[in-house]
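Colleague: I am new to this structure. Could we go through it together, please?

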Amino acid sequence: MPAADRPTPPPADSRAVQAHATKTPTYRVTALNVGNMRVDASEMSYGRDFGRKVDIPVWCAAIEGNGKRVIVDTGISDPQWVARLMCPSWQAPEETIDGALDVLGWTRDSVDIVINSHLHHDHCANNSAFPQAEFFVSLAEWEYAQSPMSNQQVLYNQSWLDHPLGLFDYTMVQQDFYEVLPGLRLIRTPGHTPGHQSLLVNTDEGVLCVSGDAVNARESLAEGVPCGLLWSTEHALESVQRIRALADRVLMCHDTQIEKFQECGFPLTTTVADAETAAAHDSQEAQA
């Protein structure tokens, strides 16, 4: 409904607004670059740019607020393994999980919760660094990871079960809009994998979606297209639109335009023109 057609809301009560802020806390979200890969551009955007190589970061999200520290996805732990089996991969010292945490001022044992958007190697390889944490993954993803489709088998290397982690360390999420904490909700965003989930975060800039691979690059956000490596094209398209409808901003796992340790100003979903401009910039740089 257009804003002009909406009824006038009742006057705001300052005490009620303050109570609402207490009920639904806001969180600070920091982008952690935990590894890099060189991949075919067609993996980033469905049906496009076959044969062109692009360098992509692997972003995790460090979330702090409400007395808790949360990490969404844990990145790459062994670039040599990735390079041997899949594609060129590298990490600077501050891009290892310990290096990134050190810059942030966190330690491994200060992390309370780890959320995996899905269980591909670049999203869970450092899970075992946080044995004291509570882990959240979708049940659908857990089950799919036991026997994935052939073109995704190498991506599931079972690193989420590295010692000392096991089955009972993981909460298997089956519910849509699952509340991890007040102001943190998991939503179903299948397509890249059947059990992919994304996190909606209440921030000072509105609702931020930590989207994993459901929306993983600026072109995906701007044009509503999913990545190229898919379990279901139909579900992936629906998930892109769902994120654009529910969130104000998006932290995408392979966004080439954000900065290490960025804490605000993530791409807007409502200003698609901004995303299109950034996507065009990406394309011009790649061709240069």
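Colleague: Which elements do the buried residues of α7 pack against?
Modeller: This is a predicted model. In it, the buried residues of α7 pack against β10 (197-203), β11 (206-212), α6 (218-223) and β12 (249-252).

Colleague: And which residues of α7 are buried?
Modeller: They are Ala-236, Ser-239, Val-240 and Ile-243. Viewed down the axis of α7, these buried residues fall within an arc of 100 degrees, so they line one face of the helix. Glu-234 and Ala-245, on the other side of α7, are exposed.

Colleague: What span should the 14 residues of α7 have?
Modeller: At 1.5 Å a residue, helix α7 (residues 233-246) should span 20 Å, and this agrees with its end C-alpha atoms, which are 20 Å apart.

Colleague: Turning to the strands, in what order do the 7 strands of the open sheet come?
Modeller: The order is β4-β1-β2-β3-β5-β6-β7, with mixed pairing. The edge strands, β4 (89-90) and β7 (170-173), each pair on one side only.

Colleague: Which helix packs on that sheet and touches β1, β2 and β3?
Modeller: That is helix α3 (residues 97-104), whose direction makes about 150 degrees with that of β1. Helix α5 (residues 139-146) lies across β6 (134-138) and β7, at about 75 degrees to β6.

Colleague: Do β3 and β5 run parallel or antiparallel?
Modeller: Strands β3 (residues 68-72) and β5 (residues 113-115) run parallel and are joined by 3 bridges. Val-70 stands opposite Ile-113 in β5.

Colleague: Finally, how many helices and strands does the protein chain have?
Modeller: The protein chain has 8 helices and 12 strands, and buried residues make up 50% of its 288 residues.

Key
Residues are numbered from 1 along each chain as its sequence is written. This is a predicted model: local features need pLDDT of at least 70, side-chain atom pairs count only at pLDDT 80 or more; totals for chains, interfaces and linings use all residues. Side-chain values use heavy atoms; hydrogens and water are left out. Helices (H or I, at least four residues) and strands (E, at least two) are DSSP runs, numbered from the N terminus. The expected span of a helix is 1.5 Å times one less than its number of residues. Buried means under 20% relative accessible area, exposed over 50%, partly exposed in between (1.4 Å probe, protein chains only). The arc is that of the directions from the helix axis to the C-beta atoms. Contact means heavy atoms within 4.5 Å. Two strands pair if DSSP finds at least two bridges between them. Axes are lines fitted to C-alpha atoms, for helices over the stretch in contact, and angles run from 0 to 180 degrees between N-to-C directions.
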